[in-house]
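Here is a short briefing for a first look at this structure. Keep the sequence and the 3D view open while reading.

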Amino acid sequence: MDIHYSKQAVKFLKKQDAITSRRIINAIHNLPSGDVKKLKDEPGYRLRVGDFRVIFDKSGNVLYIEKIDNRGQIYK
């Protein structure tokens, strides 16, 4: 499975400490297992990694990571 990250997702991961960013990246690579739910008002899915949320969309064999942020900020 190919994983493509948006500019915002890469920027967020670079700002985090090494342990946190590794935890988020491991959760992304272990998809579809994990706490994944379909978004209601938008196309795509949400992955919960502790207090962080990863918004992603999948089409065929490509996984596109749209946004990564704290749980309170991501839906704004």
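Arg48 and Asp35 meet through their side chains in a salt bridge, 2.6 Å from N to O. Arg48 sits in strand E3 and Asp35 in strand E2, so this pair ties together parts 13 residues apart in sequence. The model is a predicted one. It holds three salt bridges and two aromatic pairs.

**Salt bridges around Asp35**

- Asp35 also forms a salt bridge with Arg46, where the closest N and O atoms are 3.5 Å apart.
- Arg46 belongs to strand E3 (residues 45–49) and Asp35 to strand E2 (residues 35–38), so the link ties together parts 11 residues apart in sequence.
- Asp35 is partly exposed, with a relative accessible area of 26%.
- Arg48 is partly exposed too, at 39% relative accessibility.

**The salt bridge at Arg71**

- Arg71 and Asp51 meet in a salt bridge between their side chains, at 3.8 Å from N to O.
- Arg71 lies in the segment after strand E5 (62–70), and Asp51 lies in the loop between E3 and strand E4 (52–59), so the pair ties together parts 20 residues apart in sequence.
- Arg71 and Asp51 are both exposed.
- Shared partners join Asp35, Arg46 and Arg48 into one salt-bridge network.

**Helix H2**

- Helix H2 covers residues 18–29, which is 12 residues.
- From first C-alpha to last, H2 reaches 16 Å, close to the 16 Å expected at 1.5 Å a residue.
- Which residues of H2 are buried? They are Thr20, Ser21, Ile24, Ala27 and Ile28.
- Viewed down the axis of H2, the buried residues fall within an arc of 125°, so they line one face of the helix.
- The face turned away from that buried side carries the exposed residues Ile19 and His29.
- What do the buried residues of H2 pack against? Their partners are strand E1 (2–5), helix H1 (7–15), E3, E4 and E5.
- At the start of H2, a side-chain oxygen of Asp17 comes to within 3.2 Å of the backbone nitrogen of Ile19.

**A cis peptide bond**

- Leu31 and Pro32 are joined by a cis peptide bond, with omega about 10°.
- Pro32 is placed in the loop between H2 and E2.

**Aromatic pairs**

- A search of the whole structure finds two aromatic pairs.
- In one of them, the rings of Phe12 and Phe52 have centres 5.8 Å apart and planes at 70°, so the pair is edge-to-face.
- Phe12 lies in helix H1 and Phe52 in strand E4, so the pair ties together parts 40 residues apart in sequence.
- Phe12 and Phe52 are both buried.
- Tyr45 and Phe56 form a stacked pair, 5.7 Å centre to centre with 25° between the planes.
- Tyr45 is in strand E3 and Phe56 in strand E4, so this pair ties together parts 11 residues apart in sequence.
- Phe56 is buried, with a relative accessible area of 3%.

Conventions. Residues are numbered from 1 along each chain as its sequence is written. This is a predicted model: local features need pLDDT of at least 70, side-chain atom pairs count only at pLDDT 80 or more; totals for chains, interfaces and linings use all residues. Side-chain values use heavy atoms; hydrogens and water are left out. A salt bridge is a side-chain nitrogen of Lys or Arg within 4 Å of a carboxyl oxygen of Asp or Glu. Helices (H or I, at least four residues) and strands (E, at least two) are DSSP runs, numbered from the N terminus. Buried means under 20% relative accessible area, exposed over 50%, partly exposed in between (1.4 Å probe, protein chains only). The expected span of a helix is 1.5 Å times one less than its number of residues. The arc is that of the directions from the helix axis to the C-beta atoms. Contact means heavy atoms within 4.5 Å. A polar contact is a pair of N or O atoms within 3.5 Å; within protein, one must be able to donate a hydrogen and the other to accept it, and residues adjacent in sequence count only if both atoms are side-chain atoms. Rings of Phe, Tyr and Trp (its six-membered ring) pair if their centres lie within 6.5 Å; planes under 30 degrees apart count as stacked, over 60 as edge-to-face and the rest as tilted.
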